[in-house]
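Subject: The structure, with some notes

Hi there,

Here is the structure for you to open alongside this email. My notes on what turned up follow below it.

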Amino acid sequence: MKRTKIVDIYAGAKPVGSEVSVMGWVRTRRGNKHVQFVALNDGSTIRNLQIVLDMEKFTDEQLRPVTTGSAIHIEGILVESMGKGQSIEIQAEKLEIFGTADPDEYPLQKKGHTLEFLREKAHLRPRTNTFGAILRIRSALAFAIHRFFQERGFFYLNTPLITASDCEGAGAMFQVTTLPLNELPRTEDGSIDYSADFFGKQAALTVSGQLEGELGATALGAIYTFGPTFRAENSNTPRHLAEFWMIEPEMAFYDITDNMQLAEDFVKYCIRYALDNCHDDIEFLSSMYDKELITRLESVLADSFVRLTYTEGVEILEKSGRKFEFPVYWGADLSSEHERYLVEEHFRRPVILTDYPREIKAFYMKQNEDGRTVRAMDVLFPQIGEIIGGSEREESYEKLMARIEELGIPMKDMWWYLDTRRFGTVPHSGFGLGFERLVLFVTGMTNIRDVIPFPRTPGNAEF
Ligand code: 4AD
Ligand code: MG
């Protein structure tokens, strides 16, 4: 008999009274000497399926290995349930055991493990209700992202993970090398001889696909990337990972206003998609961790995002009378306490902050007439702070060159990027959404380590 997934059983794929075959992992077993009940989960839904084992048909011996965490196959009849808590159940006819899970060894016993404990068991935590829900929501959001862009005629562009250029200029890159670390080849002046390295030059894991994304946008019109990015910043916060996934759309003929509208439409589309398609999982997480979750998601969809310049934002913060841990003044890089004050207390909805001081933003951003700000935009969200960073790009070859020289960025590595400005340059814009920050927002989790299957953070590359 062909196996039916539990999600499909609840969706009515099989009529009551029919024979079904289900496979999954045992969450609990309880009962008495006449009848035993197994709560079975196969990962397809947060909902367990109740299996009823009539002890006239099964022996204690047969059921002994059916413990929490074991994997089994059941064939039986789908019936309406008379018990509380479920509408249907399976009257088991046949039991097959795929794999046992010794109760003295299996770490995920019934319930109540802390998220910290589960981080240490990241290889098994997908089998818990919480992580099953999070991972299904994450998968749905990834699909929504592709759908949003594909519906709008954007092309999916794969940018390299190994690169020789530092897009954000922050210098927080993981080097990629095959040089022998204990006897590095040296040039005459004593520096490392990268010409002997695998790529013939110094290479690293990318911090962003944007620069190559711009090459795509100035050819295909509108592209998006969706892939892993790497940052070696030593920031141990609930919002930073050393390896995270980023979505970077880049559009020719877009100014910053178009860019802001796309960003707003985009995040709203993703949140709407999750509410419409992940109802059970969101409901579960809300009931377990955050009663306000669904209200918060709906409220973000209800209003348009505030648009505000950095200068106006700093004025609001200065006048707030609030004592912040980090001081605010014009020119300061805002930290998440400042961002969250604007979003959660002052405006009570998402804010798009624009026109930041050029000193705190990347070299490629379009310079404003005032000579001191650039056409940057950060989308700030409740609970999260910065969820998106982007800008209109400097399309003038002369102005871009001047900025690159001012910052002392090595020119010879940038020649291919500069060619976009030398040949058929156009106004263009783009942004980057941190995928895990979106998943954090939608799931209501508070630590970014809990929304990626296997987090990479300073001091941790287990699993
Ligand atoms: O603001 P960032 O650094 O912008 C860029 O990388 C641009 N190249 C994007 C573009 O214009 N195409 O990063 C973009 C977003 C942030 O807003 C944040 O959501 C996320 O990426 N992010 C991180 N997420 C998790 N861990 C980290 N260490 C992150 N750093 C940035
Ligand atoms: Mg940023």
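Lys94 counts as exposed because its relative accessibility is 52%, and the cut-offs here are over 50% relative accessible area for exposed, under 20% for buried and partly exposed in between, with a 1.4 Å probe and protein chains only. Its salt-bridge partner is Glu75, at 3.4 Å from N to O. The two come from distant parts of the chain, 19 residues apart: Lys94 sits in strand E5 (residues 88-99) and Glu75 in strand E4 (residues 71-80). Glu75 is buried, with a relative accessible area of 12%.

Before going on, please keep in mind that this is a predicted model, where local features need pLDDT of at least 70 and side-chain atom pairs count only at pLDDT 80 or more, while totals for chains, interfaces and linings use all residues. Residues are numbered from 1 along each chain as its sequence is written, chains are lettered from A and ligands numbered from 1 in the order in which they are written, and side-chain values use heavy atoms, leaving out hydrogens and water.

How many salt bridges does the structure hold? There are 27, each counted when a side-chain nitrogen of Lys or Arg lies within 4 Å of a carboxyl oxygen of Asp or Glu. One of them joins Arg64 and Glu61 at 2.8 Å, N to O, and both of these residues are exposed. Another pairs Asp413 with Lys412 at 3.6 Å. Asp413 is partly exposed at 24% relative accessibility, whereas Lys412 is exposed at 67%. Elsewhere, Glu214, Glu250, Arg393 and Arg421 belong to one network of salt bridges that share partners.

Helices are DSSP runs of H or I with at least four residues and strands are runs of E with at least two, numbered from the N terminus. After H12 comes Gly424, with a positive phi near 60 degrees.

One more residue for you to look at is Phe198, in the loop between strand E8 (175-176) and strand E9 (203-205). Phe198 is exposed, with a relative accessible area of 60%.

Happy browsing!
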